[in-house]
Amino acid sequence: MGTADDRLKELGITLPDPPDPVANYVSSVRTGDLLFLAGSGPAKDAAGKIPLGKLGEDMSVEEGYDAARLVGMNVLGRLRKDLGSLDRVKRVIKLLTMVNCTADFKDQPAVANGASDLLVEVLGDRGRHSRSAVGMVSLPGGIPVEIEAIVEVE
Amino acid sequence: MSEIERRLESLGYGLPEQVTPVANYVPAVSVAGVGLVYLSGHVPRTPDGGIVSGRLGDGMTVEEGYEVAKQVALALLGTLRAEVGDLDRVTRIVKLLTMVNCTPDFGDQPAVANGASDLLVEVFGHKGRHARSAVGMAALPGNCPVEIEMIVQVAG
């Protein structure tokens with residue numbers, strides 16, 4: 001199997017350059033072989049906009065899936081930026097996928113699949129992770145999905 | 001006296017007494033093999049040991065939330081000190097999960113969380129620079145406005 005960059009080219013995916021935090025925290029911290037990432041929001045979509053919305057109110061599960069995939073793009077972009085190369089990812093260990101939703105919305109896992117599917121698509125077996133998918137009453141800036149990741153690195 | 005204790009004193013910060021959980025969990029767990037300490041979620045306390053209540057976007061301002069987050073960060077440090085004995089053993093504040101009790105339309109969780117992040121960098125300098133998530137919750141224990149979890153790397 002080729003490198004992660006080969007795979008991205010194969011899939012026709014260009015990773016975004018995610019914005020760095022503007023407050024008193026950093027995008028990721030490495031301890032031993034574990035990398036803890038700060039929460040990521042969605043990257044800009046094809047129209048150049050960051051999706052905003054609340055599942056169960058003004059966003060469908062399909063739109064939520066697409067938004068989660070854009071968050072996955074930001075997570076991969078952040079990993080490549082902070083590690084230098086996605087090939088240094090040994091294993092995606094854990095995702096916490098947080099869905100901005102109404103109190104009666106129960107399809108958080110279907111939304112979270114947008115990110116999980118992308119990670120496996122790009123990283124193969126190294127992208128197979130444990131996951132929690134939960135509902136939040138709101139998220140920063142009104143984004144629909146935010147994801148934290150814990151990754152094992154070389 | 002440890003260097004960090006000296007810094008806390010010069011900044012005028014006292015660490016609160018640790019509150020012992022009355023349920024089947026502990027305030028912190030040290031994972032010796034990897035030098036990590038996982039702290040339980042901490043909530044803001046009143047002087048008599050009760051829980052401060054409030055909700056961002058519904059009676060509590062961002063500035064007030066910032067101060068509450070700062071108090072919670074100090075409570076976390078109190079527990080950390082009890083767990084590791086000496087705060088100079090901290091080599092890195094790794095990760096914060098800052099949970100803000102707020103209305104569905106409140107989007108300024110990061111501004112509230114800054115109360116904790118700024119405090120940690122003030123006390124620990126570059127070792128205090130952590131990864132963070134700031135999120136909105138429909139409810140929190142005791143109807144408190146902010147609850148924070150923390151993961152810390154320690155040496156020795």
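In what order do the strands of the open sheet of chain B stand? The order is E1-E2-E5-E3-E4, five strands with mixed pairing.

1. Basis of the note. This is a predicted model, in which local features need pLDDT of at least 70 and side-chain atom pairs count only at pLDDT 80 or more, while totals for chains, interfaces and linings use all residues. Residues are numbered from 1 along each chain as its sequence is written, and chains are lettered from A and ligands numbered from 1 in the order in which they are written.

2. Make-up of chain B. Three helices and five strands are found in chain B. Helices (H or I, at least four residues) and strands (E, at least two) are DSSP runs, numbered from the N terminus. Along the sequence the pattern of chain B reads α-β-β-α-β-α-β-β. The radius of gyration of chain B is 15 Å, close to the 15 Å that the globule rule gives for 156 residues, so chain B is as compact as a globular protein of that length. That radius is taken over C-alpha atoms, and the globule rule is 2.2 Å times the number of residues to the power 0.38.

3. Extent and burial of chain B. The C-alpha trace of chain B spans about 45 × 35 × 30 Å along its principal axes. Of its 156 residues, 44% count as buried. A residue is buried if 20 or more other C-beta atoms lie within 10 Å of its own, exposed if 12 or fewer, and partly exposed in between, with C-beta atoms placed from the backbone. Of the contacts in chain B with a separation of 6 or more, 83% are between residues 24 or more positions apart. Two residues are in contact if their C-beta atoms, placed from the backbone, lie within 7 Å.

4. The sheet of chain B. The edge strands are E1 and E4 (131-137) of chain B, and each pairs on one side only. Two strands pair if DSSP finds at least two bridges between them. On average, neighbouring strands of this sheet are turned by 15° against each other, direction ignored. Axes here are lines fitted to C-alpha atoms, for helices over the stretch in contact, and angles run from 0 to 180 degrees between N-to-C directions.

5. Strand pairs in chain B. Strands E1 (residues 28-31) and E2 (residues 36-42) of chain B run antiparallel and are joined by four bridges. In this pair B:Val29 has B:Tyr38 as its bridge partner, and B:Ser30 stands opposite B:Val37. E1(B) and E2(B) form a hairpin with four residues between them, and B:Gly35 in the turn has a positive phi of about 65°. E2(B) also pairs with E5 (residues 146-154) of chain B, in the antiparallel sense, over five bridges. There B:His42 stands opposite B:Ile148.

6. A helix across the sheet of chain B. Helix H3 (residues 109-124) of chain B lies across E3, E4 and E5 of chain B and runs at about 160° to E3(B).

7. The sheet of chain A. Chain A has an open sheet of five strands in the order E1-E2-E5-E3-E4, with mixed pairing. E1 and E4 (130-136) of chain A stand at the edges with a single partner strand each, so one side of each is left without a neighbour in the sheet. E1(A) and E2(A) pair in the antiparallel sense over four bridges. The bridge partner of A:Thr31 is A:Leu34 in E2(A).

8. Helices of chain A. Helix H2 (residues 61-83) of chain A packs on the sheet and touches E1, E2, E3 (89-100) and E5 of chain A; its direction makes about 35° with that of E5(A). Helix H3 (residues 108-123) of chain A also packs on the sheet, where it touches E3, E4 and E5 of chain A, at about 160° to the direction of E3(A). The axes of H1 (residues 4-11) of chain A and H3(A) come within 8 Å and cross at roughly 115°. From H1(A), A:Ala4, A:Arg7, A:Leu8 and A:Leu11 meet A:Glu121, A:Val122 and A:Leu123 in H3(A).

9. Where the chains touch. The contact takes 24 residues from chain A and 28 residues from chain B. On the side of chain A, the elements that give two or more residues are E1 (28-31), E2 (34-37) and E5 (145-153). E1(A) gives the most to that side, with three residues.
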